[in-house]
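Please follow the numbered points with the structure in view.

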Amino acid sequence: MADNRTMAQMLQAPIEGYEDAIVVPPINANNFELKQPLINLVQSNKFTGRQDPHNHLRFFNKVTSTFRHPEVPNTSVKLLLFPFSLDGEARDWLDKEPPRSILTWDDLVSKFINQFFPPSKTTYLRNKITNFFQEPNETFNEAWERFKGLLRQCPHHGFSELHQLDTFYNSLCGISYIITRGRFLDLASF
């Protein structure tokens with residue numbers, strides 16, 4: 001098949017491939033506009049790739065929940081605003097995603113978390129939660145707050161509430177008994 005383009009056409013820079021990774025569904029609303037103060041609020045807490053991505057998403061969801069338009073789904077607003085919340089390494093990541101590869105808010109969250117909170121980090125934090133113990137000079141409340149902090153760092157840890165409470169209870173320094181063969185043994189006697 002012959003290429004019938006002129007030399008000038010062949011030397012022109014390509015105009016394809018410049019689409020964004022995020023596909024925002026068409027918005028057919030009258031008088032819809034993202035106001036600059038909302039964009040500024042989103043930009044006040046930019047994610048660079050070095051912070052906790054879960055905290056960034058929590059803040060972003062809080063900010064975007066303040067904007068309501070009866071004809072525009074909140075997920076569309078999130079897809080429009082999310083690039084404004086990124087900077088540095090995180091912005092580079094989004095720019096390198098293939099064009100039109102993010103079709104929904106759930107797609108974006110999944111790719112974002114997988115990029116900035118890899119499975120190895122999840123495994124590391126799950127192990128820290130599982131192997132949690134109260135420090136010798138730590139009060140009950142301090143230990144509880146530290147334990148809850150670990151759970152917040154890894155909100156997709158997958159532990160049931162009962163398992164969490166059991167793990168914490170068993171980690172307390174004041175618990176000096178273990179159950180063996182159906183009997184309690186006092187560890188202090190060893």
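1. Angles under 35 degrees count as roughly parallel, over 145 as roughly antiparallel, 65 to 115 as roughly perpendicular and the rest as oblique. Axes are lines fitted to C-alpha atoms, for helices over the stretch in contact, and angles run from 0 to 180 degrees between N-to-C directions. Helices (H or I, at least four residues) and strands (E, at least two) are DSSP runs, numbered from the N terminus.

2. The model is predicted: local features need pLDDT of at least 70 and side-chain atom pairs count only at pLDDT 80 or more, while totals for chains, interfaces and linings use all residues. Residues are numbered from 1 along each chain as its sequence is written, and side-chain values use heavy atoms, with hydrogens and water left out.

3. The axes of H3 and H6 cross at roughly 150° and come within 10 Å. H3 and H6 are therefore roughly antiparallel to each other. In their contact (heavy atoms within 4.5 Å), H3 supplies Pro53, His54, His56, Leu57, Phe60 and Asn61, and H6 supplies Trp105, Val109, Phe112, Ile113 and Phe116. These residues divide into 8 nonpolar, 3 polar and no charged. Here Ala, Val, Leu, Ile, Met, Phe, Trp, Tyr, Cys and Pro count as nonpolar, Asp, Glu, Lys and Arg as charged, and the others, Gly among them, as polar.

4. Helix H3 (residues 53-64) also meets helix H4 (residues 74-81): their axes come within 10 Å and cross at roughly 120°. That angle makes H3 oblique to H4. H3 passes H4 in a right-handed crossing (right-handed if the near helix is turned clockwise from the far one by less than a right angle, left-handed if anticlockwise). Phe60, Asn61 and Thr64 of H3 touch Asn74, Lys78 and Leu81 of H4. By class, this contact has 2 nonpolar, 3 polar and 1 charged.

5. How do H5 and H6 pack? Helix H6 (residues 105-116) packs against H5 at an angle of about 125°, with the axes 12 Å apart. The two helices, H5 and H6, are therefore oblique to each other, and H5 passes H6 in a right-handed crossing. From H5, Glu89, Ala90 and Trp93 meet Leu108, Lys111, Phe112, Gln115 and Phe116 in H6. The contact of H5 with H6 comprises 5 nonpolar, 1 polar and 2 charged residues.
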